[in-house]
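Work through the exercises below with the sequence and the model at hand. Each task is followed by a solution in steps.

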Amino acid sequence: IITDARVNVCPELADIADDRINTQEWIDFSIDIARPINETVADIFQSPSAGFFDAFDCGTAHLCHDFKVPNNFTQELYDDAQIAAVYEHLYQGSYPDYKTATKYHI
């Protein structure tokens with residue numbers, strides 16, 4: 001049974017993922033973009049573990065089903081969360097190069 005693709009399928013993925021999160025580009029994204037969004041989202045959702053992806057995911061579900069969202073969950077915050085979620089996915093899908101990165105999506 002494959003429980004962790006990083007270990008069972010390609011042991012090198014752990015090193016690739018560790019290298020990725022230590023790039024200056026990822027560090028800058030984490031500090032300058034993700035952190036402020038995550039802090040705002042954690043406060044709105046009253047959950048310290050909530051972050052930009054939760055805001056994007058929940059915001060999309062709420063908007064799709066026309067559910068009421070908290071007043072301080074603004075369109076700007078939703079847009080920022082969406083941009084951060086897309087950036088994270090694209091960066092993971094292109095680091096260190098496209099061919100190697102496709103292994104993340106096993």
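**Exercise 1. Backbone exceptions in the loops**

With a relative accessible area of 72%, Gln-46 is exposed. The model is a predicted one.

Solution. 
- Step 1. The cut-off for exposed is over 50% relative accessible area. Asp-66 has 71% relative accessibility and therefore counts as exposed.
- Step 2. Most residues other than glycine have a negative phi, and most peptide bonds are trans.
- Step 3. A cis peptide bond is found between Tyr-95 and Pro-96, with omega about -10°. Pro-96 is placed in the loop between helix 5 and helix 6 (98–101).

**Exercise 2. The fold in outline**

Task: How many helices and strands does the protein have, and what percentage of its residues count as buried?

Solution. 
- Step 1. The secondary structure consists of six helices and zero strands. Read from the N terminus, the order of elements is α-α-α-α-α-α.
- Step 2. The protein has 106 residues, of which 28% count as buried.
- Step 3. Take the contacts between residues at least 6 apart in sequence: 51% of these join residues at least 24 apart.

**Exercise 3. Helix 3 against helix 4**

Task: Which word describes how helix 3 and helix 4 lie to each other?

Solution. 
- Step 1. Two packed helices are described by the angle between their axes and the distance between the axes.
- Step 2. Helix 3 packs on helix 4 at an angle of about 55°, and the axes are 8 Å apart.
- Step 3. The two helices, helix 3 and helix 4, are therefore oblique to each other.
- Step 4. On the side of helix 3, the contact is made by Phe-29, Ala-34, Ile-37, Asn-38, Val-41 and Phe-45; on the side of helix 4, by Phe-52, Asp-54, Ala-55 and Cys-58.
- Step 5. By class, these residues of helix 3 and helix 4 are eight nonpolar, one polar and one charged.

**Exercise 4. Two partners of helix 5**

Task: Describe how helix 3 and helix 4 each pack on helix 5.

Solution. 
- Step 1. Helix 3 (residues 24–45) and helix 5 have axes 11 Å apart, at an angle of about 140°. Helix 3 is therefore oblique to helix 5.
- Step 2. The crossing of this pair, helix 3 and helix 5, is left-handed.
- Step 3. From helix 3, the residues that meet helix 5 include Trp-26, Phe-29, Ile-33 and Ile-37; among those in helix 5 are Leu-77, Ala-84, Tyr-87 and Glu-88. The contact of helix 3 with helix 5 has eleven nonpolar, one polar and three charged residues.
- Step 4. For helix 4 (residues 52–64) and helix 5, the axes come within 8 Å and cross at roughly 120°. Helix 4 is therefore oblique to helix 5.
- Step 5. Helix 4 also crosses helix 5 in a left-handed manner.
- Step 6. Phe-52, Phe-53, Ala-55, Phe-56, Gly-59, Thr-60 and Leu-63 of helix 4 make this contact with Tyr-78, Ala-81, Gln-82, Ala-84, Ala-85 and Glu-88 of helix 5. By class, the contact of helix 4 with helix 5 divides into nine nonpolar, three polar and one charged residues.

**Exercise 5. Glu-88**

Task: Which residues does Glu-88 contact, leaving aside its neighbours within four places in sequence?

Solution. 
- Step 1. Glu-88 belongs to helix 5 (residues 75–92).
- Step 2. With those neighbours left aside, Glu-88 is in contact with Trp-26 and Phe-52.
- Step 3. Glu-88 and Phe-53 are 35 residues apart along the chain, and their C-alpha atoms are separated by 9.4 Å.
- Step 4. The relative accessibility of Glu-88 is 23%, so Glu-88 counts as partly exposed.

**Exercise 6. Cysteines**

Task: How many disulfides does the structure hold?

Solution. 
- Step 1. A disulfide is a covalent bond between the sulfur atoms of two cysteines.
- Step 2. The structure holds zero disulfides.
- Step 3. Cys-58, at 29% relative accessibility, counts as partly exposed, whereas Cys-64, at 59%, counts as exposed.

Terms used: Residues numbered from 1 in each chain as written. Predicted model: local features only at pLDDT ≥ 70, side-chain atom pairs only at ≥ 80, totals over all residues. Heavy atoms only, no water. Helix = DSSP H or I, 4+ residues; strand = E, 2+ residues; numbered from the N terminus. Buried < 20%, exposed > 50% of the residue type's maximum accessible area, 1.4 Å probe, protein only. Contact = heavy atoms within 4.5 Å. Axes fitted to C-alpha atoms, helices over the stretch in contact; angles between N-to-C directions. Parallel < 35°, antiparallel > 145°, perpendicular 65-115°, else oblique. Left-handed = near helix turned anticlockwise from the far one by under 90°. Nonpolar A, V, L, I, M, F, W, Y, C, P; charged D, E, K, R; others polar. Disulfide = S-S within 2.5 Å.
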